[in-house]
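Good morning, and thank you for coming. Please look at the sequence and the structure on the screen while I take you through them.

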Amino acid sequence: MRVQIYTGSMGLVAKSGVGQAILHQRKMLRDVGIETTGKWEADAPIHLNTVFPDSVMTAIFARMTGRKVVYYGHSTEEDFKRSFIGSTFLAPLFRRWITFCYNLGDIVITPTEYSKTLLERYGVRRPVYSLTNGIDTSFFRPSAEAGKRFRKKYRISENQKVVLSVGHFIERKGLPEFVEMAREMPEVRFIWFGSTPLSAVPETIRTSIKNAPENVSFPGFVSQAELRDAYCGADLFAFLSHEETEGIVVLEALACGASVLLREIPVYDGWLKDGREVYMAKDTEGFIGKAKKILSGELPGLGDAALFTAQSRSMEKAGERLREIYHREKIM
């Protein structure tokens, strides 16, 4: 039996964490000997990853025809807030909508214990499992050569310090704080990979980008290979997001052995700890203080612990866990 991974609306999420999660599911299943398909097959269980109307109709039709539905809970009310124009106002309605969507699944899979707790609190009645999105540790891994490629492409000298971040141009991702860090550290190069149509984001974000100091650049969306090179070549990966369900880019940076600075938020409880795998702070002042100490060497690198954590969330291990869930819930 094969598993269908539904890819409707993929064009809308291809450049997001959800898009990457879909690709990860395909690989992790194949790694444990479960074939996948994008085609409709009468007996195949189906994976759904978005809450767009086409996914909802697909879930309803699949259940009507006796197929098992595995719904991935990537979205929460909390991470919908402070994203696009009007999102905070619409967040309560979004919560009701995603609860309806996830209850169409036979089971729900969400990346962390934190997001599992949120979905159960919303009223998701189906069995909810926490399972990492996984990371391809054969692709994302430490590489001096990759780091050199990154620095050569962006004309960064050997002695120049570089702070990297990745994400949409939205307030929740901590873009204003990233720009403020750069303003207070003019001798350091700051690079933000990712993009969002500026017409879709609040004025505060457009202003932050427009008024960013000269040491900040926004190259836009880049390939996975370029991101890997950047993680390997940057001196610090600063991911200042206010809310996540896991954070695939955090896993990518950890797998490359990068120094990582995060906001102290609940999603990291239990698997990331300040001073062990990553460094954390609560506000912009704290980020600047920690960043300066990391870049100067006053705070030690945490590469070994970072790599260990990435390995614990590898696609191979996630695939094995997914297969166990399938057997337990008689999905296939």
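Thr-99 is buried, with a relative accessible area of 11%; buried means under 20%, exposed means over 50%, and partly exposed lies in between, computed with a 1.4 Å probe on protein chains only. Thr-99 lies in helix 5, residues 87–102. Helices (H or I, at least four residues) and strands (E, at least two) are DSSP runs, numbered from the N terminus. Leaving aside residues up to four places away in sequence, Thr-99 touches Tyr-122, Gly-123 and Val-124, where contact means heavy atoms within 4.5 Å.

Before I continue, a word on the source: this is a predicted model, in which local features need pLDDT of at least 70 and side-chain atom pairs count only at pLDDT 80 or more, while totals for chains, interfaces and linings use all residues. Residues are numbered from 1 along each chain as its sequence is written, and side-chain values use heavy atoms, with hydrogens and water left out.

Let us turn to helix 6, residues 113–122. Which of its residues are buried? They are Tyr-114, Ser-115, Lys-116, Leu-118, Leu-119 and Tyr-122. These buried residues pack against helix 4 (77–80), helix 5, strand 5 (107–110) and strand 6 (128–130). Gly-123 follows helix 6 and has a positive phi, near 115 degrees.

Two further residues with positive phi deserve attention. Most residues other than glycine have a negative phi. Arg-82, although not a glycine, has a positive phi of about 55 degrees. Arg-82 sits in the loop between helix 4 and helix 5 and is partly exposed, with a relative accessible area of 34%. Arg-155 likewise is not a glycine and has a positive phi of about 55 degrees. Arg-155 belongs to the loop between helix 7 and strand 7, and is exposed, with a relative accessible area of 79%.

Strand 1, residues 3–5, pairs with strand 2 in the parallel sense over two bridges, and Gln-4 has Thr-37 of strand 2 as its bridge partner.

Strand 11, residues 260–263, runs parallel to strand 12 and is joined to it by three bridges; Leu-261 has Tyr-279 of strand 12 as its bridge partner.

Finally, how do helix 8 and helix 9 pack? Helix 8 (residues 175–184) and helix 9 (residues 203–210) meet at an angle of about 25 degrees, with their axes 9 Å apart. They are therefore roughly parallel to each other, a term for angles under 35 degrees; over 145 counts as roughly antiparallel, 65 to 115 as roughly perpendicular and the rest as oblique. Leu-175, Pro-176 and Val-179 of helix 8 make the contact with Ile-205, Ser-208 and Ile-209 of helix 9.

In helix 7 (residues 144–153) and helix 10 (residues 224–233), the axes come within 7 Å and cross at roughly 100 degrees. Helix 7 and helix 10 are therefore roughly perpendicular to each other.

Methods: Axes fitted to C-alpha atoms, helices over the stretch in contact; angles between N-to-C directions. Pairing = 2+ DSSP bridges.
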